[in-house]
Amino acid sequence: MKTLKDHEIPGRVTIFSGKGDLPAMRVETEWSTAEIYQHGAHITGFQKKGGIPLLFMSGASDFHHGKPIRGGVPVIFPWFGGREGMAAHGFARLADWDLVETLAPSDGSVRLHFRLPVEDEFEVDYIVTVAATLTMELTVTNTGAADFSFETCLHTYFQIGVIENIEVAGLQGVRYRDELLGEDFTEAGATIRFTAETDRVYQDSAGTVEIRDPQLQRTILVSKSGSKSTVVWNPWIEKSIRMPDFGDDEYHHMVCVESGNVGEHAITLAPGEQSSLKVEIDSLPL
Ligand code: BG6
């Protein structure tokens, strides 16, 4: 049985003791750096060399077994949102994933392959590829004897200059449920701007979403495949105050653009079937 340390790749992957003494990995490529915790297979950092971090991390986050990390990329599986008596957003973000393999192929990228500890009915593999961009691929295989239904979401928190100044583009004409009003709408504008708490689930949204940020002078690109849902979330003032693991003012500097398959786009796999959700994030100067 390999230990985490056995997965180190000199100059590329370093295992270290992260916050809360949780095991973590630091990844280095010629273009970028990344940081990933084994707890939740949670990416807590991705940054292009010489650039500003793409991912937002809350300074108030917990780093404890049994609690989710706030910021970065929580892996949401097998359900999205609340379930009575169960962990919000599923148990994947609370699990200690197995690190199956680390690879440094000749193209200069670094790949980390995580797997959820063995379940009887399904297998979940998560491959994180760090290069000039960050690519995450979550693959679920039904290894059981009956149909298996689930939701997935890569709940990505992005670092931004100021929430009031950014624009999110790529969702015009897309139907969404406003989770705060409990009503359905169709996105009318070419871009979304933020002036209050925002919690929307866009459905049938397979295209690339852009976060245009005049203050940080960049556009973040979120491209995906195998995803029909996009969640756009900012907690604004009161919800930020209510969340114990989130700073009261941090909502200014983050926005979540989450890619997955939730609600009506939950996935059902017959025995032996497999499905993959793939998300790539990148940034360009504005
Ligand atoms: C978003 C939901 O995806 O996650 C919000 O749309 C929720 O309703 C947010 O508040 C954060 O959830 P949690 O469980 O990480 O606090």
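A pocket is an open set of points on a 1 Å grid over the protein atoms alone, where a 1.4 Å probe fits, with protein on both sides within 12 Å along at least five of seven lines; lining residues have an atom within 4 Å of a point. A molecule sits in a pocket if more than half of its atoms lie within 2 Å of its grid points.

This is a predicted model, where local features need pLDDT of at least 70, side-chain atom pairs count only at pLDDT 80 or more, and totals for linings use all residues. Residues are numbered from 1 along each chain as its sequence is written, and side-chain values use heavy atoms, leaving out hydrogens and water.

**Exercise 1.** Find the space taken by the ligand, and say which residues lie nearest its centre.

*Solution.*
- Step 1: the ligand takes up the largest pocket.
- Step 2: 24 residues line the largest pocket, and R70, H89, H155, W233 and K239 lie nearest its centre.

**Exercise 2.** Work out which residues surround the ligand, then look for side chains with a polar atom by a ligand oxygen.

*Solution.*
- Step 1: list the residues with a heavy atom within 4 Å of the ligand. Among them are R70, F80, A88, H155 and D199.
- Step 2: look for polar contacts, meaning pairs of N or O atoms within 3.5 Å. K239 has a polar side-chain atom 2.7 Å from a ligand oxygen. For R93, the distance from a polar side-chain atom to a ligand oxygen is 2.9 Å, and for E258 that distance is 2.9 Å.

Note on methods. Near = heavy atom within 4 Å. Polar contact = N/O pair within 3.5 Å; in protein donor to acceptor, adjacent residues only side chain to side chain.
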